[in-house]
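Please keep the sequence and the structure in view while reading.

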Amino acid sequence: MILKNGFVIDPKSRQAGICDIREEEGVIRETGPALKIKEGEKVLDLTGLTVAPGLVDTHVHFRDPGQTEKETLHTGSLAAARGGVTSVICMANTVPVVDCAETLRDILTRAAGEKIRIYQTASVTQGLQGTRINDLAALKAAGACGFTDDGIPLMDAGVCFEAMKQAAQLGLPISLHEEDKSFITENGIHQGPVAETLGITGSPAVAEEVLVARDCMLALHTGAQVVIQHISSGNSVALVRMAKELGAHIHAEATPHHFTLTDEALLTCGTMAKMNPPLRREEDRRAILRGLADGTIDLIATDHAPHTREQKALPLTQAPSGIIGLETSLGLGITSLVRPGHLTIMELLEKMTVNPAALYHLPGGVIAPGAPADFVIFDPEEAWTVDHFVSKSANSPFLGKTLYGKIHYTVCGGEIVYSCI
């Protein structure tokens, strides 16, 4: 296949311009202006559209195995493709937990049959209990791309320190969910005036900040590649910035919901705006925007967290936290970050393609000969309405919203896996 006349953005080389791309056997073979069409070659005319590397989402929950009423590997892959995401990294808090090679291999074997690239983390500790560290070397050998107890913080500093040292030796990232539950009365809701209006105590920012401060220092002393997941507090952003200046190999994820919404959304969206860590104040959101702009936050990931309609219909303090995000991440990035001038489209794509791919040693995130033929093809100026989802779940505060950056095609391994036509 040859992709003709698209405006190609390659965040790795920071080059952009009208360019053709030739794909053969799932790999980019040639790029350049006005490539000649070979006999029998399929042509995709992309005049007026932007071509970027397929998005790489380092934080998703496909609930498979164990909670497939919410999502499966297949429905999750369909949602990813519709959102322009060609590579995802699944979290380990499935049922059973991904803490042994057998469970890990089962997921990876079944994932190989899907049309996007599905990678899998393994849990840091056995059963997510936070006490006994898994055989991380064996899990890496079985195919784990990183380690995380996401959903549950590593409260024992000694366990976290040792796990970081082992992850550093293995050359894989360790990702951390930073919420000290001793500060939290009700999770998923920021402690502040909105919570008071709702008659709820909630979860203060300090619950995140104390663990971020600890783990920034542990990262500095171990040399591990440490990811602060779904950062929500302005003070946490400042702590990560300081740790980077000190030389720590620290990274931070921002989710589209945390850079778009504040806790005020709880008043209109209810449980659809409940998540861990919670949406916080406008000043925290603005600090996240500054962190994205200056490179303190180098990853954008969705924390795609599907739940059933029945679960999200429960009262606010009883409903589970989390929203889906794969199908809206690029649209929210363009609408909330690029159009207001916080990031350029190049900077946005860096945080959604080449940066996550490089951190997790994945093959995508670049448009160059020899790279995978994985692309998201979109119109950054075209408005579209979030009117449905192909995910098995629909728990999103963005349903009905108008976003920019309509995706026309997603290509993975040279195959068109989504088309809006």
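Is the crossing of α12 and α13 right-handed or left-handed?

## Basis of the report

The model is predicted, local features need pLDDT of at least 70, side-chain atom pairs count only at pLDDT 80 or more, and totals for chains, interfaces and linings use all residues. Residues are numbered from 1 along each chain as its sequence is written, and side-chain values use heavy atoms, with hydrogens and water left out.

## The pair α12 and α13

Helices (H or I, at least four residues) and strands (E, at least two) are DSSP runs, numbered from the N terminus. The axes of α12 and helix α13 (residues 345-352) come within 10 Å and cross at roughly 140°. Axes are lines fitted to C-alpha atoms, for helices over the stretch in contact, and angles run from 0 to 180 degrees between N-to-C directions. α12 is therefore oblique to α13; angles under 35 degrees count as roughly parallel, over 145 as roughly antiparallel, 65 to 115 as roughly perpendicular and the rest as oblique.

The crossing of α12 and α13 is right-handed, a term used if the near helix is turned clockwise from the far one by less than a right angle, whereas anticlockwise is left-handed. In α12, Ser 329, Leu 330, Gly 333, Ile 334, Leu 337 and Val 338 meet Ile 345, Leu 348 and Met 352 of α13. Contact here means heavy atoms within 4.5 Å.

## Thr 328

Thr 328 lies in the loop between α11 (309-312) and α12 (329-338). Because its relative accessibility is 2%, Thr 328 counts as buried (under 20% relative accessible area, with exposed over 50% and partly exposed in between; 1.4 Å probe, protein chains only). Leaving aside residues up to four places away in sequence, Thr 328 touches Trp 384, Val 386, Phe 389, Phe 398 and Leu 403.

## The open sheet

Five strands form an open sheet in the order β9-β10-β11-β12-β13, with parallel pairing. β9 (147-148) and β13 (299-300) stand at the edges with a single partner strand each, so one side of each has no neighbour in the sheet. Two strands pair if DSSP finds at least two bridges between them; β10 and β11 pair in the parallel sense over 3 bridges.

Ser 175 stands opposite Val 227 in β11. Helix α7 packs on the sheet and touches β11 and β12, and its direction makes about 150° with that of β12.

## Helix α6

The buried residues of α6 include Leu 211, Val 212 and Leu 218. Among the elements that cover the buried residues of α6 are α4 (157-170) and α7 (234-246). Gly 223 follows α6 and has a positive phi, near 75°.
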